[in-house]
Amino acid sequence: MMQFLLHPTWFYNIDSAFEVVSVIVTAAIALYSLRIYSFTKENRHKYFGLSFLAISIAYLCKILTNVVLYQKMQEVGGIVTVTKYALHALPIFSIFGLFSYRIFMLLGLAGIYLLLSQSRERSHIVLIVYFIVITTLFSGYAYFIFHMTAALLLMYIVGFYYQRSRQGQGKSRSLVAAFSCILISQLAFIFIFLNSKLYVLGESFQLLGFLILLYEYYHLVLRRR
Amino acid sequence: MKRRSKLDIVNDMLLSIQEKGGKIKPTHLMYKANLSHKLLKGYLDELVAKEMVKEVKEKQTNYLLLTDKGHSFIAQFKKMKEFQETFGL
């Protein structure tokens with residue numbers, strides 16, 4: 001049976017509000033990057049924009065799915081199991097929504113990883129996409145596989161920006177902080193089965209990460225100089 | 001040395017004019033932007049057509065003036081470069 005995670009009841013919809021921030025920030029970065037692409041016609045900007053757009057779509061799917069799921073779920077122990085009644089009543093939309101969230105999220109993170117690693121090998125890209133699809137399918141039975149994969153990709157992204165900040169390139173410190181917060185959130189999500197409060201912790205760190213990205217975006221793009 | 005893109009060249013040209021207080025002689029621009037005469041003419045025609053630069057004549061001498069659109073391009077280009085640099089693209 002497909003497992004759904006326990007979110008503390010008092011946190012229902014607060015997490016969706018947090019994720020609206022994620023949607024806005026990732027969409028803003030995506031659109032600006034695609035705007036740069038329209039000027040420069042450099043593919044790296046297009047793929048960077050599309051990667052952030054995928055993450056934005058992922059959060060949008062999660063918000064819509066959660067709104068539907070919260071009305072159907074019943075809390076049992078450490079993990080929420082969907083009762084027979086709820087499982088039958090669960091719209092296909094919710095299951096698609098959950099899978100869409102996971103696959104778009106992993107595709108987005110993998111896109112950023114591939115861009116930063118400057119990998120141009122077609123076989124490398126095909127292999128990563130294959131593993132993302134497999135991960136998404138299996139995460140239906142063991143949700144933590146998804147969060148582990150996301151955390152792994154984020155570790156590389158954090159590592160990349162950390163190296164850059166050590167070399168004094170760009171303003172990578174804030175990006176290290178932002179992606180580290182998002183990484184911590186994914187690590188917290190892995191262990192939700194131990195304590196549902198980890199979900200709140202994860203969501204809070206995720207919000208913090210995207211707020212740092214929003215600050216950086218504001219500083220780079222919106223602020224008048 | 002990394003080859004300059006078309007946008008880099010346009011930005012270099014506009015920056016050269018800006019550094020000269022928004023007004024420059026075409027020959028000076030050619031040297032400052034490190035371009036051949038033929039290339040300079042091609043780019044200038046485009047910049048004039050896009051109203052980023054205006055050609056004026058003062059006391060028998062031709063000058064190039066940076067327009068508001070030109071100033072705006074420089075600002076936008078700087079933002080793009082900073083975005084690119086920050087995200088390591």
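In this predicted model, the axes of H8(A) and H4(B) approach within 9 Å and cross at roughly 150°. With that angle, H8(A) is roughly antiparallel to H4(B). On the H8(A) side the contact is formed by Glu216(A), Leu220(A) and Val221(A), and they meet Lys79(B), Glu82(B), Phe83(B) and Thr86(B) of H4(B). Sorted by class, the residues of this helix pair are three nonpolar, one polar and three charged.

Eleven residues of chain B touch 18 residues of chain A. Helix H4 of chain B, which spans residues 68-86, supplies the largest share of the chain B side, namely six residues. That side of chain B is made up of five nonpolar, three polar and three charged residues.

Turning to chain A itself, the fold contains eight helices and zero strands, and its pattern along the sequence reads α-α-α-α-α-α-α-α. Of the 225 residues in chain A, 42% are buried. Among contacts in chain A that link residues at least 6 apart in sequence, 71% join residues at least 24 apart.

Helix H8(A) also has a partner within its own chain. The axes of helix H7 (residues 172-190) and helix H8 (residues 197-222) of chain A come within 8 Å of each other, with a crossing of roughly 160°. H7(A) and H8(A) are therefore roughly antiparallel, and their crossing is left-handed. From H7(A), the residues in this contact include Ser174(A), Leu175(A), Phe179(A), Ile182(A), Ser185(A), Ala188(A) and Phe189(A), while those from H8(A) include Leu198(A), Gly202(A), Phe205(A), Gly209(A), Ile212(A) and Glu216(A). In the contact of H7(A) with H8(A), 16 residues are nonpolar, five are polar and two are charged.

Apart from neighbours within four places in sequence, Gly202(A) is in contact with Ser185(A), Ala188(A) and Phe189(A). The C-alpha atoms of Gly202(A) and Leu183(A) are 9.1 Å apart, although 19 residues separate the two along the chain.

In soluble globular proteins, nonpolar side chains tend to be buried together. Here the largest nonpolar core holds 61 residues, and the members that touch the most others are Ala58(A), Phe104(A), Leu154(A) and Phe179(A). Two or more residues of this core come from each of helices H1 (14-40), H2 (43-69), H4 (92-117), H6 (144-166), H7 and H8 of chain A, and from H4 of chain B. The most is given by H4(A), with twelve residues. Leaving out residues up to four places away in sequence, Phe104(A) touches Ala54(A), Ile55(A), Ile57(A), Ala58(A) and Cys61(A). A second core of 14 residues is separate, and Val10(B), Leu29(B), Leu64(B) and Leu66(B) are among its members.

Methods: Residues numbered from 1 in each chain as written. Chains lettered and ligands numbered in written order. Predicted model: local features only at pLDDT ≥ 70, side-chain atom pairs only at ≥ 80, totals over all residues. Axes fitted to C-alpha atoms, helices over the stretch in contact; angles between N-to-C directions. Helix = DSSP H or I, 4+ residues; strand = E, 2+ residues; numbered from the N terminus. Parallel < 35°, antiparallel > 145°, perpendicular 65-115°, else oblique. Left-handed = near helix turned anticlockwise from the far one by under 90°. Contact = placed C-beta atoms within 7 Å. Nonpolar A, V, L, I, M, F, W, Y, C, P; charged D, E, K, R; others polar. Core = buried A, V, L, I, M, F, W, Y, C linked by C-beta atoms within 7 Å. Buried ≥ 20, exposed ≤ 12 C-beta atoms within 10 Å, placed from the backbone.
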